[in-house]
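This briefing covers the ligand site, the cavity and the pockets. Read it alongside the structure shown here.

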Amino acid sequence: MAHLSAAEVEQYAREGWVIPAFRLSAARVAALQGALDDLLRQNPGVRPEKLVSAHVEGDNGEGVRGSRAFLDLARDPEIVDLVSDVIGDDVILWGCHVFCKPAAEGYETPWHQDGHYWPIRPLATCTAWVALEPSTRENGCLRVIPRSHAGGVLHPHLTEDRQDLTLNQRMADGTFDESAAVDLELEPGQMSLHDVYMIHGAAANRSQRRRTGVALRYMPATSVFERDLNPVDGKSGVPVNFARRPLWLLKGVDRSGRNDFEIGHRR
Ligand SMILES: O=C(O)CCC(=O)C(=O)O
């Protein structure tokens, strides 16, 4: 079993992010890289930064042909245990987004807070961002503003009317200190965990090396995935269908008693 150390749990609580010592094996990474290539081949009309719900196999109802390999990754008991160490014993998988930034022309991810986009109340989520390729300052690794999650405050966002962004909602200029940013450089198989309130973003990829991370989204089952909510009203830059998004209870019980684990699943 994989677990976070006490120091890793403490760092996540204090800073809003952590890079666990745990990592996937080289063989697992190689298999996932193959699954990524298949995913890209299956979705020639989708920007590779916008492979939303890639874990929902076949036509996923959100414009992407997803793959079982990413559902298997999201359900990996070791990753779920790491996440459980920071969100508790009742864990729901509610999303998976493959952010693949092609060499030379990979889109920027503007500074944002995830919670601004999502219909989860009370707002809570831990994202495990799993690197399938080297993720470095040069090719646009994830960047975080440490401690920006503290207090659980959502700041106002602006809509960017640009085609060259992974997401279209961004923090207004001057609302945080960008000079405090930390680059989360990762090797393939490493991952970072981050909190739903933490301010983060990523530069465009102008390098000669592709950069791919699989963002796995988990919420504690004390929260509800409110299917009628659409917080950014279609202005996220990524087509989503929260009303039909499947949920998986991966650990424990649905403490809220209100989450629906039937919707969106094929029988
Ligand atoms: O990988 C990226 O560029 C953005 C990822 C992100 O914003 C997230 O996982 O919440």
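In this predicted model, an N or O atom in the side chain of T109 lies 2.6 Å from an oxygen atom of the ligand. Taken alone, the ligand exposes 290 Å², and the protein buries 100% of that. The ligand sits in the largest cavity.

**Ligand contacts**

- D114 places a polar side-chain atom 3.0 Å from a ligand oxygen atom.
- R217 also has a polar side-chain atom 3.0 Å from an oxygen atom of the ligand.
- The shell around the ligand holds 13 residues. The closest are T109, W129, H200, R211 and R217.

**Make-up of the ligand shell**

- Four strands each supply at least two shell residues: β5 (91-101), β6 (109-113), β14 (199-202) and β15 (211-220).
- β15 gives the most to this shell, with 3 residues.
- By class, the shell has 5 nonpolar, 4 polar and 4 charged residues.

**The cavity**

- Searching the whole structure finds 1 cavity of 30 Å³ or more.
- The largest cavity holds about 90 Å³ of space.
- Its lining consists of F99, T109, H112, D114, W129, L142, L167, H194, H200, R211, A215 and R217.
- β6 and β15 each supply at least two residues of this lining. β15 gives the most, with 3 residues.
- The cavity lining divides into 5 nonpolar, 4 polar and 3 charged residues.

**The largest pocket**

- The volume of the largest pocket is about 300 Å³.
- Its lining is made of 23 residues. Nearest the centre of the pocket lie W118, S236, V238, V240 and F242.
- β5 supplies the largest share of the pocket lining, 5 residues. β5 is also one of the strands that supply at least two residues of the ligand shell.
- The lining of the largest pocket has 12 nonpolar, 8 polar and 3 charged residues.

**The second largest pocket**

- About 150 Å³ of space lies in the second largest pocket.
- Residues H55, V56, E57, R68, L71, P246, W248, G264, H265 and R266 line this pocket.
- By class, its lining has 4 nonpolar, 3 polar and 3 charged residues.

Definitions and conventions. Residues are numbered from 1 along each chain as its sequence is written. This is a predicted model: local features need pLDDT of at least 70, side-chain atom pairs count only at pLDDT 80 or more; totals for chains, interfaces and linings use all residues. Side-chain values use heavy atoms; hydrogens and water are left out. A residue is near a molecule or strand if one of its heavy atoms lies within 4 Å of it. A polar contact is a pair of N or O atoms within 3.5 Å; within protein, one must be able to donate a hydrogen and the other to accept it, and residues adjacent in sequence count only if both atoms are side-chain atoms. Accessible areas come from the Shrake-Rupley method with a 1.4 Å probe; for residues, only the protein chains shown count as cover. On a 1 Å grid over the protein atoms alone, a cavity is a set of points where a 1.4 Å probe fits but cannot get out, and a pocket is an open set with protein on both sides within 12 Å along at least five of seven lines; lining residues have an atom within 4 Å of a point. A molecule sits in a cavity or pocket if more than half of its atoms lie within 2 Å of its grid points. Ala, Val, Leu, Ile, Met, Phe, Trp, Tyr, Cys and Pro count as nonpolar, Asp, Glu, Lys and Arg as charged, and the others, Gly among them, as polar. Grid points are joined across faces, edges and corners, and a volume is the space filled by probe spheres set on the points.
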